[in-house]
Amino acid sequence: MRFSAMRVVLATALLACGLAAGAADKNLAPTVANAARSVPPAVESALRKNLPERMPNFPQIDEISRTPMAGIYEVRIGTDLFYADAEGNFILTGEMMDTRNRRNLTEERMEKLLAIDFAQLPMKDAFTIVRGNGKRKLAVFEDPNCGYCKRFERDLQKIDNVTVYMFLYPILGPDSIEKSKAIWCAKDRARAWQDWMVRNEPPVKADAACDVAVLTRNTELGRKHKITGTPTLVFADGSRVPGAIAAPEIEKLLANGGK
């Protein structure tokens, strides 16, 4: 889990203006029931007022939620999370763990925030690889120069009865863009992709007249959904998995709809 962007924002603000000490709300028991309740209006008002006032250039707050921890509230800015007391006197960045139930609450929340509506993916900007009956669906964002992607592709060869929507996502440099152009412009994109990723046969250079605007669209799409590494897998239920996983895990996630 990365919070570098939020840390930069908070660090800049803290350098400009120190936070005053204050007392947390001691009347809230750290229970799941309390976590599900709405944030008291006074707390919401205080956080929305105090944080921007005390921290110059503070981004607009999108949402404030109660957490299971007494007197601590989640503050969400886009897909960045941090935590604050009821008055915004203190803020924390990092992960909140439920030690009793051995759950990473921040990670669970981020999974929900980063979920992608599979039906809304622009499939016209991907090419497909169909195996077997193709009934199961999987979208993948990959860079042709990504070593982990090549390892993942070898494992993906073992998966049957699936349609893979491959989004070229060249984020590792100019050569990745050139290889992506060549693959997208190939007569058989799926073959060119697998020749390179699995068999290490370089694609033929793209014709200059070939329309490769798709690569820009894919890059923008990835940035919109905070895809920062490859491979990134998106399952039919909208859940996503960053990084290369082995065939048994892919199979398990496909069988469960990605859950």
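Biologist: Which strands form a hairpin, and how many residues are between them?

Modeller: In this predicted model, strands β1 and β2 make a hairpin with five residues between them. G71 sits in the turn and has a positive phi of about 75°.

Biologist: How many bridges join β1 to β2?

Modeller: Four bridges join the two strands, which run antiparallel. Within this pairing, R66 stands opposite Y73 in β2.

Biologist: In what order do the strands of that sheet come?

Modeller: The order is β1-β2-β3-β4, in an open sheet of four strands with antiparallel pairing. Strands β1 (63–66) and β4 (91–92) are at the edges with a single partner strand each, so one side of each has no neighbour in the sheet.

Biologist: And over how many bridges do β2 and β3 pair?

Modeller: Strand β2 (residues 72–77) pairs with strand β3 (residues 80–85) over six bridges, in the antiparallel sense. There, I77 stands opposite D80 in β3.

Biologist: Which strands does α3 touch?

Modeller: Helix α3 packs on the sheet and touches β1, β2, β3 and β4, with its direction at about 135° to that of β1. Helix α4 (residues 105–113) also packs on this sheet. Its contacts are with β1, β2 and β3, and its direction makes about 135° with that of β3.

Biologist: Let us look at R48. Where is its place?

Modeller: R48 belongs to helix α3, which covers residues 41–54. With a relative accessible area of 34%, R48 is partly exposed.

Biologist: With which side chain does R48 make a polar contact?

Modeller: The side chain of R48 makes a polar contact with that of E44, at 2.9 Å. Beyond its neighbours within four places in sequence, R48 is in contact with I61, D62, E63 and I64.

Biologist: How far apart are R48 and E87 in space?

Modeller: Their C-alpha atoms are 9.3 Å apart, while the two residues are 39 apart in sequence.

Biologist: Changing topic: which residues touch the most other members of the largest nonpolar core?

Modeller: They are F127, L138, W193 and L233, in a core of 29 residues. A second, separate core has 15 residues, including I64, I77, A86 and I91. In soluble globular proteins, nonpolar side chains tend to be buried together.

Biologist: What is L138 in contact with, leaving aside its neighbours within four places in sequence?

Modeller: Its contacts include F118, L156, V162, T163, Y165, L233 and L254. T163 lies in strand β9 (residues 162–168). T163 is buried, at a relative accessible area of 6%.

Biologist: How many aromatic pairs does the structure hold?

Modeller: There are five. One of them is F118 with Y165, edge-to-face at 6.1 Å centre to centre and 75° between the planes. F118 lies in the loop between α4 and β7 (127–131) and Y165 in strand β9, so this pair ties together parts 47 residues apart in sequence.

Biologist: Are F118 and Y165 buried or exposed?

Modeller: F118 is buried, with a relative accessible area of 11%. Y165 is buried as well, at 15%.

Biologist: Why is the pair of F141 and Y169 edge-to-face?

Modeller: The pair is edge-to-face because the ring planes are at 85°, with the centres 5.8 Å apart. F141 is in strand β8 (residues 136–142) and Y169 in the loop between β9 and α6 (174–184), so that the pair links parts of the chain 28 residues apart. F141 is buried at 1% relative accessibility, and Y169 is buried at 2%. Together with F167, these two residues form one aromatic cluster.

Biologist: Finally, in what order are the strands of the five-stranded sheet?

Modeller: The order is β7-β9-β8-β10-β11, in an open sheet with mixed pairing. Its edge strands, β7 and β11 (240–242), each pair on one side only. The twist averages 20° from one strand to the next.

Biologist: Which strands does α9 lie across?

Modeller: Helix α9 (residues 247–255) lies across β8, β9, β10 and β11, at about 130° to β8. Strand β10 (residues 232–235) pairs with β11 over three bridges in the antiparallel sense, and T232 stands opposite P242 in β11.

Note on methods
Residues numbered from 1 in each chain as written. Predicted model: local features only at pLDDT ≥ 70, side-chain atom pairs only at ≥ 80, totals over all residues. Heavy atoms only, no water. Core = buried A, V, L, I, M, F, W, Y, C linked by side-chain atoms within 4.5 Å. Buried < 20%, exposed > 50% of the residue type's maximum accessible area, 1.4 Å probe, protein only. Contact = heavy atoms within 4.5 Å. Polar contact = N/O pair within 3.5 Å; in protein donor to acceptor, adjacent residues only side chain to side chain. Pairing = 2+ DSSP bridges. Axes fitted to C-alpha atoms, helices over the stretch in contact; angles between N-to-C directions. Phe/Tyr/Trp six-rings, centres within 6.5 Å; stacked < 30°, edge-to-face > 60°.
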